[in-house]
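Reader: I would like to go through this model and ask what stands behind the labels used for it.

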Amino acid sequence: MLRAQLLDRQTQRESAARTYARTLPVAPATAAGAQVTGVDGRTYLDCLSGAGTLALGHNHPAVIDALQATLASGALLHALDLITPQKDAFCAEFLRHLPGGLREDARLHFCGPAGTDAVEAALKLARTATGRRGIVAFTGAYHGMTLGAAAVSGPAGMRAGGPADAQPVTRVPYPYAYRCPFGVGGAPEAAGELSARVLESLITDPSSGVERPAAVILEVVQGEGGVVEGPDGWLREVRRITAEHGVLLIVDEIQTGVGRTGHFWACERAGVVPDILVASKAVGGGLPLALIAYRSELDRWLPGAHTGTFRGNTLAMVAGEITLRTVAAEQLPERAAKLGERIRRELRDMAEGRAEFGEVRGRGLMIGVEIVDPAGPPDRLGNPPGDPVLASALRAACLERGLMLELGGREDTVLRLLPPLTLTDGEADAVLERLAGALAAVAPGRSGGRRAPRQGRRGA
């Protein structure tokens, strides 16, 4: 009864723009690790983790202890951009884990509390540092919901309110092998090579119609875009092209950072160091925090050129410092790599008997399953169309079985798993069991249709 009352009042009071509350009608009361208990007493396995925010899961003891100690100490909870011992400790820990050369030569800028604010800061810094306006972004991208961040994102719905006209954006196809825009499906490296060639041609061809941009912005693994992984060779080529032609590389690590993909930062596997790294979500240990790290020579802002009231969130810096330190000390990136590969392997075994699983893909504990209609007309690569109705039914059936997950990708046809990095082996088994049960319930006997090509379904 209380759950229904809370949900009803939320519907009456909150805006029509709310999202997770519509598809996951849960009223959480308590949580620990990957377990969430609602006001009705039902317990769920959380494979959403605050959209990837909770690297250590809910209410990690070390984080809670540090927050309680800070509250009891009389420390400032709000400090604008003044230096505090807590901020100093966070900065030291954050800098310690930056990739490559950024570790020794970086400036940090704290933004508003959301990832989209950090993207806005990165775009603004790129324009300030280069004196140029244009940005190159990739199809399928998701960088945030404020006007500039939405302008460099892919989905049309994100730009329905009118993105900032002052932000010229050129889009390049992302190397999405399963639905390859270049028609070379099943070969992500080939798609990556073609994507990089298009980028270099746009920048170097005097007749391309594209002025030399201030920056290229990308996600190493597109999260909201459907857990689509860019090949390492593609990322290295993008880095070469941008470096050779004086274009800044912005890597959005908002969802991929802090161990999620099996490395502390997703760009590290390819050995790539961006000019500007964008961080949020897990970096605040579950509390709102966003910042950018960039090469010191780009620091050409004047005082007050980019600011925000809530960039001095002491509690977030305390939680973030503990989270960064714990992720490294407990080798959680390595744990994510091993456990994520096991989960994908078992999902692929499940896919052998269920043609609705078009492709299982991902990196670390960032996992996606593209749901397809095996009886639908195949695309030019021979892959069946996405099935948003089945995907939505699967999400609902998972929730009924105590598994919280979300959808992403084109038309919301990709089941997305973003569990805490502290997920146990037993919890991983339960995730797989509940997902298999949901699939059997909503698609009984549907697996005999056209199967996706083997190389596509296997994924990365």
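Reader: Why does Phe138 count as buried?

Author: The model is a predicted one, and the accessibility is computed from it. Phe138 has a relative accessibility of 1%; buried means under 20%, so Phe138 counts as buried.

Reader: What makes the pair of Phe138 and Trp234 edge-to-face?

Author: A pair of aromatic rings is described by the distance of the centres and the angle of the planes. Rings pair if their centres lie within 6.5 Å, and planes over 60 degrees apart count as edge-to-face. By this rule there are 8 aromatic pairs. For Phe138 and Trp234 the centres are 5.3 Å apart and the planes stand at 80°, so this pair is edge-to-face. Phe138 lies in strand β5 (residues 135-138) and Trp234 in helix α9 (residues 232-244), so the pair links distant parts of the chain, 96 residues apart.

Reader: Is Trp234 buried or exposed, and how do you know?

Author: Its relative accessible area is 2%, and the limit for buried is under 20%, so Trp234 is buried.

Reader: Which residues do ring pairs link into a cluster?

Author: The cluster consists of Phe90, Phe94, Phe110, Phe264 and Trp265.

Reader: Why is Thr242 called buried, and what does Thr242 touch?

Author: Thr242 belongs to helix α9. Its relative accessibility is 0%, so Thr242 counts as buried, given that buried means under 20%. Leaving aside residues up to four places away in sequence, Thr242 touches Val216, Val247, Leu248 and Leu249.

Reader: How do you know that His58 is buried?

Author: The relative accessible area of His58 is 18%. The cut-off is under 20%, so His58 is buried. His58 is found in the loop between α3 (49-52) and α4 (61-73).

Reader: What makes the approach of His58 and Asp46 a polar contact?

Author: A polar contact needs a pair of N or O atoms within 3.5 Å, and the side chains of His58 and Asp46 are joined by one of 2.7 Å. Not counting residues up to four places away in sequence, His58 touches Ala31, Ala32, Gly33, Val36 and Asp46.

Reader: What is the strand order of the open sheet, and what makes β4 and β6 edge strands?

Author: The open sheet has 7 strands in the order β4-β12-β11-β10-β7-β5-β6, with mixed pairing. Strands β4 (106-110) and β6 (169-172) each pair on one side only, and are the edge strands. On average, neighbouring strands of this sheet are turned by 20° against each other, direction ignored. Helix α5 (residues 85-96) packs on the sheet and touches β4, β11 and β12 (291-295); the direction of α5 makes about 130° with that of β4.

Reader: How do you know that β11 pairs with β10 and with β12?

Author: Two strands pair if at least two bridges are found between them. Strands β10 (residues 248-252) and β11 (residues 276-279) have 3 bridges and pair in the parallel sense. Ile250 has Ile276 as its bridge partner in β11, and Val251 has Leu277. Between β11 and β12 there are 4 bridges, in the antiparallel sense; the partner of Val278 in β12 is Ile292.

Reader: Which way do the residues of β11 point?

Author: Ile276 and Val278 point one way, Leu277 and Ala279 the other way, and all are buried.

Terms used:
Residues numbered from 1 in each chain as written. Predicted model: local features only at pLDDT ≥ 70, side-chain atom pairs only at ≥ 80, totals over all residues. Heavy atoms only, no water. Phe/Tyr/Trp six-rings, centres within 6.5 Å; stacked < 30°, edge-to-face > 60°. Helix = DSSP H or I, 4+ residues; strand = E, 2+ residues; numbered from the N terminus. Buried < 20%, exposed > 50% of the residue type's maximum accessible area, 1.4 Å probe, protein only. Axes fitted to C-alpha atoms, helices over the stretch in contact; angles between N-to-C directions. Contact = heavy atoms within 4.5 Å. Polar contact = N/O pair within 3.5 Å; in protein donor to acceptor, adjacent residues only side chain to side chain.
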